[in-house]
Amino acid sequence: MSTIIPVKPAGEQIPARDYTAELLRRAAAEETIPAARLETVRLVLFQKAAEYAAAYTQNRCSTVTKEQAESFFRSVFFQLDAALLPLHSDSAALAALRDADISVLLETGQRNIMTAYEEAKAAFRRAYSLTKPFATTFFRELLLSFEKFCTGYDARFQADAVTLNDFYPLLCRQSIPVGGVLGAHFYYTALLHEGELLAAFPRQEVSAVLRIYAKRYLTAPDMIADNLAELVLLQWSGAALCGGTALTLQLPENAADILNSRYQYSRPETVCADLRNAVSQSPLADHSGIYGYIYPLLDKLAGELHRYFSSGKAAVILPAPAGLP
């Protein structure tokens with residue numbers, strides 16, 4: 001599964017949502033794109049939106065409603081977002097707006113949109129298959145919005161309009177950085193990698209962790225509201241930081257005491273370094289999808305672990321601290 005619109009690197013100034021509009025605002029304010037070129041861009045976008053309006057009405061009338069016109073403009077801007085975001089650089093995107101043929105950028109964006117749409121559908125289907133053995137009610141609810149995504153998405157006239165049922169949280173409570181089908185691609189691809197993570201561990205061990213976790217919080221396994229991959233990753237992190245090297249969720253009998261003692265006077269960076277090393281030396285590193293997905297999140301995960309370890313409460317953060325049956 002390719003990454004159509006990756007998360008922009010840390011330090012980038014311009015957020016991914018409404019990316020082109022913000023680029024153009026800054027270019028006008030900072031005069032990084034000549035005024036004549038900005039006017040050319042504006043005219044091309046107006047022309048493209050007018051073409052959509054004519055195609056939408058099939059030339060039966062010369063006017064559209066205000067809401068429809070705004071929808072066409074959003075769709076045009078979203079096409080440019082889809083062309084510029086993969087450049088991974090605000091300066092490169094500004095250069096493209098300044099120098100490239102805008103019509104070509106729009107065509108590129110539309111191709112990226114269609115690719116993202118097809119890849120997002122494939123990602124969710126695979127994610128659902130991998131997660132199905134452990135799926136909670138909250139995860140299964142995603143089927144409702146996915147059905148709408150498959151049957152109701154209009155890639156031409158409303159390219160930006162996708163409503164995700166995203167109350168099933170992603171690992172480490174990541175937010176979706178961009179809207180529309182690009183956001184759906186990000187979300188469903190994340191779910192795919194989380195499903196791959198679940199499938200990397202023995203199924204019976206994953207089920208046991210979820211049963212124990214649910215029992216601790218007086219609920220049923222299929223009513224767990226947390227991210228399932230995160231629970232598994234936390235459990236494995238405990239095992240790995242205790243010295244384990246295999247993909248097992250089994251903890252040493254005194255795991256909580258070991259972790260409390262080892263990290264009582266440590267810094268968060270120490271836990272993060274140890275966790276990164278454990279992941280890099282584990283079989284998870286052999287799976288590019290899993291590794292590429294979880295590695296950037298380890299800093300946040302390690303920070304949570306450190307908060308409990310340093311206060312002597314490792315048993316609280318480990319989903320099944322007493323070990324598996």
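**View 1. Arg-156 is partly exposed, with a relative accessible area of 42%.** Partly exposed denotes values between buried, under 20% relative accessible area, and exposed, over 50%, for a 1.4 Å probe and protein chains only. The structure is a predicted model, in which local features need pLDDT of at least 70, side-chain atom pairs count only at pLDDT 80 or more, and totals for chains, interfaces and linings use all residues. Residues are numbered from 1 along each chain as its sequence is written, and side-chain values use heavy atoms, with hydrogens and water left out. Arg-156 lies in the loop between helix 7 (142-152) and helix 8 (180-200); helices are DSSP runs (H or I, at least four residues) numbered from the N terminus. Beyond residues up to four places away in sequence, Arg-156 touches Tyr-52, Ala-55, Ser-75 and Gln-110, where contact means heavy atoms within 4.5 Å. Between Arg-156 and Glu-39, the C-alpha to C-alpha distance is 24 Å, at a sequence separation of 117 residues.

View 2. Thr-20 is buried, as its relative accessible area is 0%. Its side chain forms a polar contact of 2.6 Å with the side chain of Asp-81; such a contact is a pair of N or O atoms within 3.5 Å, of which, within protein, one must be able to donate a hydrogen and the other to accept it, and residues adjacent in sequence count only if both atoms are side-chain atoms. Leaving aside residues up to four places away in sequence, Thr-20 touches Phe-77, Leu-80, Asp-81 and Leu-84. Among the buried residues of helix 3 are Leu-80, Asp-81 and Leu-84.

**View 3. Helix 1 packs against helix 4 (residues 90-99) at an angle of about 80°, with the axes 11 Å apart.** The two helices are therefore roughly perpendicular, a class covering 65 to 115 degrees. Axes are lines fitted to C-alpha atoms, for helices over the stretch in contact, and angles run from 0 to 180 degrees between N-to-C directions. Tyr-19, Leu-23, Leu-24 and Ala-27 of helix 1 meet Asp-90, Ala-93, Leu-94 and Leu-97 of helix 4.

View 4. His-88 is partly exposed at 42% relative accessible area, whereas Cys-172 is buried at 5%.

Terms used: Parallel < 35°, antiparallel > 145°, perpendicular 65-115°, else oblique.
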